Amino acid sequence: MKYRRLGDTGFWVSEVGFGTIPILKGSVPVLPDYYNLEDEQALAVMAHAYALGCNLYDTAIVPEYGDAERKLGKFAAYLEREKTESEKSGRERIIISDKARFFDGNDMYQAVETSCENLGTYADIYFVHQVDEGNVDEVFQKGGALDALTELKQEGKIRFAGVASHYYDILLRGAQDARVDVLQGSGNILERGMLDRMAQEERFSHKGFLVNKVYAAGILPAFFSVCTLLQGVLSYPVSSALIGIGAIWQADAAMGSAVSENSRAQKISFAEVLSTLEKQFSPIPCDRCQRCRCPHGTEIHTLFRQYHYYFLGKNFWALKKLALGIEESAKWCRKCTSMPCLSMCPRRIRIPDEIQRVCELVRTHH
């Protein structure tokens, strides 16, 4: 396993981090059933990844990730029990990344205290989770979630504060905020536009960055090797690629691909990605760079993402999401005379035409 600097935190993290969603028991809202692992099974999978060199484990507060947070706490306690006499701490052999979807300072403060109780230890990094345009000002304002995380750092309950978001502008705001130590966002070989922008922006260089959705909700491994998917994101200046792992074979696939010397030469272009997907359907050449802005509020890149996911195996989920607003978006698109999105798109996508195509897909299949 190779390790990378986590911004200016002083930590070095494994190139592949362990995402704990798949180890939960049962199901939680918006998530399907996963592996339904009992505690002993979950600990065995986490220990196997650790033996392969993984030192970063990412989780979330119980309402979001089921019992995964508690299981990770039990794994930290196991490492502490198994330490040798020469080791000062077994717990410090791993880095725990935790998060909660609370934006008010008081709510976030309580969430972190609850997480620490569930973990039985401190969190190395704690993120404000799912920050978007509707809550970003509350997060960053005086008395917001970031102020709470700063206070918790001072009290020693967490070591570093983070912001997790799927939006470039919000991550850039975090990169410019001295209270933020680590950022977490999404990216993969198809949805690489945000990673491209971050790589060109110097203000990100001092923040650790954890990238999730490397497999695009589990759909891309049907078309590309794990090695190609991992090296695609590790070619960017990220700290670690977070992979959801619920079985030993998944740990072997991800960790083995990370250490393979042959994998270092593999880098797939966006054109090659589209060419592979064209064997299945007609993809829209959008990499989710998020530069386009619709004057009527349509989140264009998200519509195109859901269109892709429909053909890549998430058809029910994608149609359900698209049906919530595609008719309204298509209506405004037909009425729009300025069409600023066309000049904003670096890939010269005929956005109005593509939105009508997405609308027709939903009308036909929903």
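Modeller: A nonpolar core is a set of buried Ala, Val, Leu, Ile, Met, Phe, Trp, Tyr and Cys residues joined through side-chain atoms within 4.5 Å. Buried means under 20% relative accessible area, exposed means over 50%, and partly exposed lies in between, with a 1.4 Å probe and protein chains only. What you see here is a predicted model, in which local features need pLDDT of at least 70 and side-chain atom pairs count only at pLDDT 80 or more, while totals for chains, interfaces and linings use all residues. Residues are numbered from 1 along each chain as its sequence is written, and side-chain values use heavy atoms, with hydrogens and water left out.

Biologist: Thanks, that helps. Which residues in the largest nonpolar core touch the most other members?

Modeller: The general idea is that nonpolar side chains tend to be buried together in soluble globular proteins. Here the largest core has 111 residues, and Tyr126, Leu149 and Phe304 touch the most other members. Another core lies apart from it, with 12 residues that include Leu56, Ile125, Phe127 and Leu210.

Biologist: Now for the strands. Which strands make the closed barrel?

Modeller: Start with how elements are named: helices (H or I, at least four residues) and strands (E, at least two) are DSSP runs, numbered from the N terminus. Two strands pair if DSSP finds at least two bridges between them. In this model, eight strands close into a barrel in the order E3-E4-E5-E6-E7-E8-E9-E10, and the pairing is parallel. From one strand to the next, the twist averages 30°; the axes behind it are lines fitted to C-alpha atoms (for helices, over the stretch in contact), with angles from 0 to 180 degrees between N-to-C directions.

Biologist: What handedness does the β-α-β unit of E7, H7 and E8 have?

Modeller: Look with the strands pointing away from you: a crossover is right-handed if the path from the first strand over the helix to the second runs clockwise. E7, helix H7 (residues 168-175) and E8 make a right-handed unit. A right-handed β-α-β unit is also made by E8, helix H8 (residues 193-199) and E9.

Biologist: Let's turn to the rings. How many aromatic pairs does the count come to?

Modeller: A pair of aromatic rings is described by the distance of the centres and the angle of the planes. Rings of Phe, Tyr and Trp (its six-membered ring) pair if their centres lie within 6.5 Å; planes under 30 degrees apart count as stacked, over 60 as edge-to-face, and the rest as tilted. The count comes to 11 aromatic pairs. One of them joins Tyr50 and Phe75 edge-to-face, at 6.4 Å centre to centre and 70° between the planes. This pair links distant parts of the chain, with Tyr50 in helix H1 (residues 39-51) and Phe75 in helix H3 (residues 68-81), 25 residues apart. Tyr50 is partly exposed at 24% relative accessibility, while Phe75 is buried at 0%. Another edge-to-face pair is Tyr310 with Phe311, at 4.9 Å centre to centre and 90° between the planes. There, Tyr310 is buried at 15% and Phe311 is partly exposed at 25%.
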